[in-house]
Amino acid sequence: MLCAGSVRQKNVKNIMLKNILDACGGALGFWSVGYAFAYGGADSSKKGFIGNTGFFLTGFTTGGELIGWFFQFAFAATAATIVAGTVAERCKFEAYLAYSLMLTGFVYPVIVYSIWSSSGFLSAFNGEPFLGCGMHDFAGSGVVHMTGGVTALIAAKVLGPRIGRFYDADGNPLPEPVSFGPHSVSLQVLGTFVLWVGWYGFNPGSTLLISNSTAAAVSALAAVTTTIAAAAGSVSALFMDMFLSRMKTGHCEYDITMCMNGALGGLVAITAGCSVMAPWAAFVTGIIAGWVYIFFSSLLVKLRIDDAVDAIPVHFGNGMWGCLAVGLFAEPSRVANAYSDHGNYGLFYGTGGNLLGAQVVGVLWIIGWVTVIMTPYFLILNCLGLFRVDAIEEEVGLDISHHKGAAYDISGPSEEVPQKFEISRSQRKVEMPEQAPAAVAAPPQVEVLVSEDAA
C-alpha cells in the first residue's frame with residue numbers, strides 16, 4: 001500500500017504486482033536454495049562462508065524446523081521488496097524477477113549465514129565470536145534493511161532517474177529537480193501503519209521462543225523500544241524538515257511524507273538493538289534516525305539518484321545507523337539476556353570498543369558483499385537491454401504498456417450518453433389523466449332570528 005500510494009497513478013498495477021511477486025519469488029527462492037545457503041549445516045564449533053544442506057527443505061519434518069523457515073522467509077521477502085519501490089515506474093518486469101530471485105536466493109542468504117548462523121564469521125552465536133562478541137543485529141537493521149538498501153542504491157544508479165526528474169528532454173540538468181507527487185496519500189498513510197504494526201512481528205518475534213521469564217522480558221523490551229523509536233523518528237523528521245523549510249522560505253509547513261518516513265526510519269534503526277537498549281536509548285536512536293533520513297534523502301537529490309519512494313534513506317541510511325547505535329547504547333544486563341554475558345557492551349557503558357568495532361565491520365561487510373555481487377549483475381542486465389523500459393512505455397505508464405490497462409477506471413460517460421438518457425426518461429414518463437376540479441363548498445348560511453320584543 002505504501003508503494004502503491006507513492007507512485008503515480010499510471011504505475012499502480014505494476015508496483016502492486018511486483019509486491020505480490022516479492023512474496024512469491026521470496027518463497028520459491030528461499031525454499032529451493034536460499035534457506036540452505038543461510039542456515040544449512042550451521043555448527044557453532046566452526047566457521048564458514050555459506051550453508052550447504054537442506055535444499056528444498058529436504059529432511060525438514062519437525063514443527064520447529066518448518067516454522068523456522070516460514071519466519072525467515074518473511075525477512076528474505078522484505079529485503080527484496082525494498083528494491084521494488086526504489087526502481088518503480090521505469091524498471092522492466094523481467095529484470096525485477098531476475099534480481100528478486102538473485103537477492104533472496106543467494107546474496108541475502110550469504111549475509112544471513114555470516115551474521116545470524118552459528119557458523120558465521122561475524123555471528124554472536126559462534127563458539128569463538130569475532131572480537132569476543134560478534135555482530136549484534138537482533139532483527140535485521142543490517143542483515144535485512146541494509147542488504148535491501150544497498151541493492152536499491154546500486155540499482156537506482158545503474159537504472160538512472162525517471163524521465164523529467166533531473167534532466168529535460170535534451171538531457172540537460174534541470175535547475176531544480178521535479179517532484180513526482182504520490183497519487184494517494186491515504187494509501188501511503190495506511191501502508192505506514194500496516195508496516196508499523198507488522199514490525200511487532202519482526203522485532204519482538206525475533207526472540208523466537210518465549211520459554212522463560214528472561215525471554216519474555218527480551219520480547220517485551222523489543223516491543224517497547226520499537227514503539228518509542230518509531231514515534232521519536234516520526235516527530236524528529238517532521239519538525240526538522242519544518243525547521244529547515246522555515247529557514248529557507250520563512251513559512252512553517254508540515255510534510256506528511258517526512259512524518260511517515262521518519263517513523264519507518266526509526267523502526268529500521270531500532271531493529272538491530274531493540275533487545276539490548278534501554279527505552280531512553282531507543283528514544284535517542286529514533287530522534288537521530290529522523291535526521292539521518294532527511295540527510296540521506298537530500299544527499300540522493302544532490303547526487304541525482306532517483307529513489308521513487310525514498311527507500312534508500314529509510315533502509316540503507318537508518319539500517320547503518322541502527323547497527324552502529326548498538327555499539328553505543330547496548331546495555332550490559334540486556335545484552336546478557338538477549339545474547340550472553342560476554343563482557344562487551346555499548347561504548348557509553350565504558351567497556352571498550354569491541355562491540356562497536358564488530359558493528360562497523362559488519363556494516364562494511366554488508367556494503368562490500370552486496371556491491372561486489374549486485375553491481376556487475378545490474379550492469380549486465382542493463383547492457384543486455386533487460387533493465388529499463390522504453391521511453392514511450394515509461395511516459396504512457398507501465399500499467400497500460402505492460403499490464404493491460406490502467407489501475408483505475410475514472411473515465412466519465414461521453415456527452416451523448418446523458419442526452420440519450422434524458423430522451424429515454426422523457427419517453428418513459430407516465431402521463432396522469434386530468435381530473436375535474438373539485439366543487440368549492442358554499443359557506444354555511446347563518447340565520448339570524450330577531451325576537452318581536454327587540455323589534
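Tutor: First, the pocket rule. On a 1 Å grid over the protein atoms alone, a pocket is an open set of points with protein on both sides within 12 Å along at least five of seven lines, where a cavity is a set in which a 1.4 Å probe fits but cannot get out; lining residues have an atom within 4 Å of a point. Points join across faces, edges and corners, and the volume is the space filled by probe spheres set on them. By that count, the largest pocket here has a volume of about 1100 Å³. The model is predicted: local features need pLDDT of at least 70, side-chain atom pairs need pLDDT 80 or more, and totals for chains, interfaces and linings use all residues. Residues are numbered from 1 along each chain as its sequence is written, and side-chain values use heavy atoms, without hydrogens or water.

Student: What makes up the lining of the largest pocket, and which residues lie nearest its centre?

Tutor: The lining has 34 residues, and Ser179, Asp255, Met258, Ser297 and Val301 lie nearest the centre. Helices here are DSSP runs (H or I, at least four residues), numbered from the N terminus. H1, H7, H8 and H9 each give the lining at least two residues. H9 supplies the largest share, six residues.

Student: What happens at the start of H8?

Tutor: A side-chain oxygen of Asp255 comes to within 2.9 Å of the backbone nitrogen of Thr257. A polar contact is a pair of N or O atoms within 3.5 Å; within protein, one must be able to donate a hydrogen and the other to accept it, and residues adjacent in sequence count only if both atoms are side-chain atoms. The distance of 2.9 Å meets the cut-off, so the pair qualifies.

Student: Why is the pair Glu89 and Arg8 called a salt bridge?

Tutor: The rule asks for a side-chain nitrogen of Lys or Arg within 4 Å of a carboxyl oxygen of Asp or Glu. The closest N and O atoms of Glu89 and Arg8 are 3.0 Å apart, so the pair passes. Glu89 lies in the loop between H3 and H4 and Arg8 in the loop between H1 and H2, so the bridge ties together parts 81 residues apart in sequence.

Student: Which other partner does Glu89 meet in a salt bridge?

Tutor: Arg162, at 2.7 Å from N to O. Arg162 is in the loop between H5 and H6, so this pair joins parts 73 residues apart in sequence. Glu89, at 1% relative accessibility, is buried. Arg162, at 6%, is buried too. Arg8, Glu89, Arg162, Arg165 and Asp306 are linked in a network of salt bridges. The whole structure has six salt bridges.

Student: How do you know where the side chain of Asn126 reaches?

Tutor: By distance. Asn126 lies in the loop between H4 and H5, and its 7% accessibility counts as buried. Its side chain reaches the backbone oxygen of Ser44 at 3.2 Å. A polar side-chain atom of Asn126 also lies 2.9 Å from the backbone nitrogen of Glu128. Beyond four places in sequence, Asn126 contacts residues including Asp43, Lys46 and Ser118.

Terms used:
Buried < 20%, exposed > 50% of the residue type's maximum accessible area, 1.4 Å probe, protein only. Contact = heavy atoms within 4.5 Å.
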